[in-house]
Amino acid sequence: MSNRLNLFFGPQHAGVSGNFNITVTLEGETIVGARIHLGFLHRGFEKMLENVGFLQGFPFVCRINVMDPDHNEQIYAMAIEELAGIEVPPRAHYIRTLVLEMARLSTHLLWLNGMAGAMGFYTVNHWAMLARDEILELFSLISGARVYHIYILPGGVRRDLPDGFAAKMTAFLDDFEQTLHDFDVALFNNRVFRKRTDGVGVITQEEALRDGMTGANLRATGLARDVRREEPYAAYADLDFEIPTRIEGDSYARAMVIREEMHQSVRIIRQVLDKLPDGPAWNRTPNPFKWNIPPGEAYVRVESGRGELGGYAVTDGSNRIRRMNYRGPSLPHGLVVLPRILVGMTVPDIAHMVSSLNISVPEIDR
Amino acid sequence: MMREQELVERLNARFSGLEARVQRRQRVIVSATRELIPSVLLWLKEQAGYHQLTLISCVDWIEDGEFELVYHVASHASGIHVMVKARIDRDQPVMESIVPIYVPAQPYEREIHELFGVDFPGNPDLTPLYLDDWHELPPLRKDFDTKAYAQRTYDYEQ
């Protein structure tokens, strides 16, 4: 066909959604085909993990997903704990839950920043960034670092919470609940946002299951599936929270599921601070230089901000991991769902869809 | 552990030549031959409700001269995660594609093809996913030496 045009979209897009290239084939205004090109962020982490000791792997794994690093640490720690038979003290389980929910809030806020930015709501964009920055400051109180914390270790967490942390966290949460209300007024209930998202990018539950979707994208099609409920890890079994769902399966439903999840995260963090048990925060692990883990295999999974994050770990009795394969929720979202759903849309929808499906490119590229 | 045990018994009764066992709560491991993989996965999907293909992993067992392919499937109804494993020859790594059974298998097989060099006849697109102009060994094979490659490729001084 002579009236077809190939358009290269990315890899440098102004939003946080960039870092991969989409070649879209256009017929007039309409997209008739899309192809994803990766590799701009490939760092070969899975290979590097095979060349370093078990504890040395932590600075690598948190960088697998730039937006949501703590869930990757949790996966790696859980895999090593299962293979080496290490117990985690109850206090560490609660502190991990706190950190993971803070990570969920911060990744959801980054999503909000991208989503609002992709549609021109630059005020909300900056509010989200500001709230996230406050969470990063709280992270630096806990771990000494803002983005990559390397805080969760096999057997617990690297150190206990600092004095006076609960008061600072509570002050942030009180403030943040007001901010959530502001988001509602400025974005989620805004008629422009509704018109832009209602009925756009509809995915049925059948399609979602067929394409291997998880997380908020699946819950927006009406299925209340969440690893925190299906296979509780950390302290989630003791905590009271809801799994928000919507039935429409469109861009608005996905946005509202994430918005409601932020509210649930606030609830979870408050409960963690209330119930935090006493005791040690870390069970000592063997000397990392002489640490051999017996042969075995384990698949562990958590509910990251984007969906089911899994890790398949194989050990062979040496002091190196034989294979650590990460399963990121963004791979099926980005490589299976996105090219399919873009067909029939127009160019301005591309940034919207990348944000709406909450695709994390570093997680696919690894 | 009831549902796990029941699934294992159904699998062992339905197929000969495979060994299914309960690894722990919510985990079942099935060791099969490479010829059995598509029919086991089709049975799990159609007869047992394992609709989600979570991941396909490949492990290089260079000392045995084999690759191990691990198909991870999960069921929402039972909450069980099943790992179906098969070993293939490392020198002639070929495995039938399961894209007709599970749609998300396409990028996973494409990834394994690039990083381990396993061929998946039946997969519509096995072009490289991450690496441009790669002429070395597939990088996740155990005989690929990362350090030597880095020294050869980049300016490196002690």
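Is D184(A) buried or exposed, and at what relative accessibility? In the predicted model, D184(A) has a relative accessibility of 15% and is therefore classed as buried, since the class comprises residues under 20%. The residue is located in helix α6 of chain A, which spans residues 165–188. Beyond the residues up to four places away in sequence, D184(A) is in contact with N189(A), N190(A) and R259(A). With R259(A), the side chain of D184(A) also forms a polar contact of 2.6 Å.

The ipTM is 0.88 and the pTM is 0.89. For chain B, the mean pLDDT is 88, and 98% of the residues of this chain reach 70 or more.

C62(A) counts as buried because its relative accessibility is 0%. C58(B), with a relative accessible area of 0%, is likewise buried.

In chain B, an open sheet is built from 5 strands, arranged in the order β1-β2-β5-β4-β3 with mixed pairing. The edge positions are taken by β1(B) and β3(B), the latter covering residues 52–61; each has a single partner strand, so one side of each lacks a neighbour in the sheet. From one strand to the next, the twist averages 20°. Helix α3 of chain B, formed by residues 105–116, packs on this sheet and touches β3 and β4 of chain B. The direction of α3(B) makes about 15° with that of β3(B).

I56(B) stands opposite Y71(B) of β4(B). In general, strands of a sheet pair through backbone hydrogen bonds, in either a parallel or an antiparallel manner. Side chains in a regular strand alternate between the two faces of the sheet.

Definitions and conventions: Residues are numbered from 1 along each chain as its sequence is written. Chains are lettered from A and ligands numbered from 1 in the order in which they are written. This is a predicted model: local features need pLDDT of at least 70, side-chain atom pairs count only at pLDDT 80 or more; totals for chains, interfaces and linings use all residues. Side-chain values use heavy atoms; hydrogens and water are left out. Helices (H or I, at least four residues) and strands (E, at least two) are DSSP runs, numbered from the N terminus. Buried means under 20% relative accessible area, exposed over 50%, partly exposed in between (1.4 Å probe, protein chains only). A polar contact is a pair of N or O atoms within 3.5 Å; within protein, one must be able to donate a hydrogen and the other to accept it, and residues adjacent in sequence count only if both atoms are side-chain atoms. Contact means heavy atoms within 4.5 Å. pLDDT is the predictor's confidence in each residue, from 0 to 100. Two strands pair if DSSP finds at least two bridges between them. Axes are lines fitted to C-alpha atoms, for helices over the stretch in contact, and angles run from 0 to 180 degrees between N-to-C directions.
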